[in-house]
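Here are my notebook entries from an afternoon with this model.

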Amino acid sequence: MPLKTDNFLKPLNVLIQACIDGDRHSQSQLYELFAPTMFVVCLRYSANREEAEEILQEGFLKALGFIHQFRFAGSFEGWIRKIMVNCALERYRSRHHLRAVTNIEITASNQFCDEDIITQLSVKELLKMVQLLPPAYRMVFNLHVFEGMKHKEIAKHLGISEGTSKSNLYDARVILQKLVANSVSTVKLNFV
Amino acid sequence: MNENLHNIDRLFKDAIEGHKEVPLLNTWETINESLNKTKTSSIERGYNWLRIASFSLVLILLSLRIHDLRSKFPLSKFSMEVIAGKDERPDRINSEKNKHLPNYAASVPGELQIGKSTIISNPASGTKDEEKQQVNHEKGSVNDNFMNSEFNGPVTGSSQIKPDYFSTNDAGQVISLPADRKILIVNDPGKNTANGSNELTNKRSSRLSAIIFFSPDFPFYRLQNDPPDNQPANDIKNAEKPDLSTTTGIMVDYKINGHWSLESGLSYSNTIILIDPKTIYAEKDNTGSVKYRYNASSGYGYLLPSFSVSPTVGDSLYTFTSTHTLRYLNIPMAVKYNIQKGKFILFASAGVSTNVLLQGIIETLVQDNSNNEIEVMNHLHGLKKIYFSGSASIGAEYKLNKNFSLLISPTRRFAINSINKNVAVKSYPNSVGIVTGIRFQF
């Protein structure tokens, strides 16, 4: 069953085929269809919005350039998402490879994060917290939590050892927990 | 604490997954511009060879046109004399200076146009001045004789006609006279018309001819390490086996004189090389993207199978037997020496060729543990757009009739410079081909 969206009359398969044929209007439609979802993926892997937009551009250029390799077998969203992640990884490997991991100063105390309280935080705030992570931690956290990769795969992708991957993930979680706790306490204070 | 940490994972995932955020409007505009640039550059690359081919064809057509015009309006010594007011054509001579000489317009029913210059050589006297004087003195009889040798129409008049006295050489240029005189006709006039009904066609074969040819080639490569102490040349040489290739095209031959001629034209060559199965590895390309690199004798290409869109440096893939194809548009220039023996012409030629790359591709089947896919690398890094080669050949032609002849010619081609640059191995393609073709004489 071909996917249809409210805004686009063309079924996705037809749209992809038109993109393979080089139809610019269809490429634009495909961008509009997937850009909002993919932009969030890029935001997770980047330090700020500008960097995310650059990854999004690279990703879409690559996706449209290699779209003829899509076999119509699996999910197109999964395929394009994989390309975005790949672009983010390439960018990380080329720019952050030799960057030392720095500690983030967290002043708040280590508190338990209540789910109800977390829901009071906006997605934008949570995204900002992920962006605040050091690049190496951010990569490991994203690949493990969002892409569902094992440490062995993460180690292979980032060129690090499994132990480093586990350590980075742990540190990332601790930092995020502190950031959330810090943010929640601010929210509480605002309510009081 | 650990439980809390795992909750962090879930809470972030649940909150962010599925969230959408619209990027800035100019993001698509930037992508669109980049797509336009890519499209434009690929179109330009594709049409470059067409420009070169068009330019070459225009040159050839222009040469043909110039030749055609020269044939119609020859600019010889005689013509220059006409332009300078020294027209000494027999009819003028008859009407002005030498009224005593026979008037062919009167004696022959029709107008006679004789060649641009007629020189009598007298072996006894030798010098040209003397010869010219004799022309003037003997004009009447000479022209009579000339007419008899070249004109088959009805001739009336006082001159004695003895056709048996005259003969021509192979090129139809020397007419022997009785006694000790000869007529050398330089630049044949073309047509003689008698009374509008009897047309004399003094046909002369054109200097131009065209050859359509086909050549099965047996390519072999000279590979040279760059720098010389590297190993890859031997590895590549052992892994690559040139397959049967072909060259086909059209040549225009311009005859300079009885023996020498120049040849040029356009040809298309298609070289196929089979590459043994091998393992290839992922590495960063020039843009920083990680892709699988495939090395070949002419250059290298990158591939990214759909089942492995995000490889890491050092990942490997197995490739089955691959086909490496090189297509060139060749613009050869050669000088040729011909020896005619009856219906056979033996020749030897040597020349150079400018070879413009049309396409360099590698097709392969890649496989990892569970997937396989056919990959085509259309862009090979390191491959030059143009390289130069030399050629040497010997051959023979057999004249079927006045216009057509068949030819066969074993040809050796060799690269003057390498077909690639900035790569570990420099490649010099050589080949031996058996050129077979048909010549059309204009």
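Predicted model: local features only at pLDDT ≥ 70, side-chain atom pairs only at ≥ 80, totals over all residues.

**Entry 1: α2 and α4 of chain A**

I started with the axes of α2(A) and α4(A), which come within 10 Å and cross at roughly 30 degrees. An angle under 35 degrees counts as roughly parallel, so I noted α2(A) as roughly parallel to α4(A).

Next I looked up the hand of the crossing, and α2(A) passes α4(A) in a right-handed one. Which residues make the contact? From α2(A) I listed A:F34, A:T37, A:M38, A:V41, A:C42 and A:Y45. From α4(A) I listed A:E77, A:I80, A:R81, A:M84, A:V85 and A:A88. Sorted by class, the contact of α2(A) with α4(A) has nine nonpolar residues, one polar and two charged.

**Entry 2: α2 and α3 of chain A**

I stayed with α2(A) and turned to its other partner on my list, α3(A). The axes of α2(A) and α3(A) come within 9 Å and cross at roughly 135 degrees. That angle makes α2(A) oblique to α3(A). The crossing of these two helices, α2(A) and α3(A), is right-handed.

I then wrote down who meets whom. On the α2(A) side I found A:Q27, A:Y31, A:A35, A:M38, A:F39, A:C42, A:L43 and A:Y45. On the α3(A) side the residues are A:R49, A:A52, A:I55, A:L56, A:G59, A:F60 and A:L64. By class, the contact of α2(A) with α3(A) has twelve nonpolar residues, two polar and one charged. A:M38, A:C42 and A:Y45 are on my list for α3(A), and I had also written them down for α4(A).

**Entry 3: chain A as a whole**

I stepped back to see what else chain A holds. I counted nine helices and zero strands in chain A, and along the sequence the pattern reads α-α-α-α-α-α-α-α-α. Of the 192 residues of chain A, 39% count as buried. I also checked contacts in chain A between residues at least 6 apart in sequence, and 66% of them join residues at least 24 apart.

**Entry 4: where chain A touches chain B**

How many residues of each chain are in contact with the other? I found 41 residues of chain A in contact with 31 residues of chain B. The elements giving two or more residues to the chain A side include α2 (24-45), α3 (49-65), α4 (76-95) and α9 (162-191) of chain A. My helix from the opening entries turned up again, as α2(A) gives the most to that side, with nine residues. The residues on the side of chain A that touches chain B divide into 24 nonpolar, nine polar and eight charged.

**Entry 5: chain B, a hairpin**

Moving over, I counted seven helices and 19 strands in chain B. Buried residues make up 27% of the 442 residues in chain B. For contacts in chain B with a separation of 6 or more, residues 24 or more positions apart account for 67%.

I picked out one hairpin, formed by β11(B) and β12(B) with four residues between them. Strand β11 (residues 290-295) of chain B pairs with β12(B) in the antiparallel sense over four bridges. B:R293 stands opposite B:Y302 in β12(B).

Then I looked at which way the side chains go. In a regular strand the side chains alternate between the two faces of the sheet. In β12 (residues 300-303) of chain B, B:Y300 and B:Y302 point one way and B:G301 and B:L303 the other way, and all are buried.

Is B:S215 buried or exposed? I found 23 other C-beta atoms within 10 Å of B:S215, and 20 or more is the cut-off, so B:S215 is buried. B:S215 is in strand β6 (residues 208-225) of chain B. Leaving aside neighbours within four places in sequence, B:S215 is in contact with B:T246, B:T247, B:T411, B:G433, B:I434 and B:V435. The C-alpha atoms of B:S215 and B:S409 are separated by 9.1 Å, although these residues are 194 apart along the chain.

My last stop was B:K284, in strand β10 (residues 278-284) of chain B. B:K284 counts as partly exposed, because it has 15 C-beta neighbours inside 10 Å. Beyond its neighbours within four places in sequence, B:K284 is in contact with B:S289, B:V290 and B:V313.

Technical notes
Residues numbered from 1 in each chain as written. Chains lettered and ligands numbered in written order. Contact = placed C-beta atoms within 7 Å. Nonpolar A, V, L, I, M, F, W, Y, C, P; charged D, E, K, R; others polar. Axes fitted to C-alpha atoms, helices over the stretch in contact; angles between N-to-C directions. Parallel < 35°, antiparallel > 145°, perpendicular 65-115°, else oblique. Left-handed = near helix turned anticlockwise from the far one by under 90°. Buried ≥ 20, exposed ≤ 12 C-beta atoms within 10 Å, placed from the backbone. Pairing = 2+ DSSP bridges.
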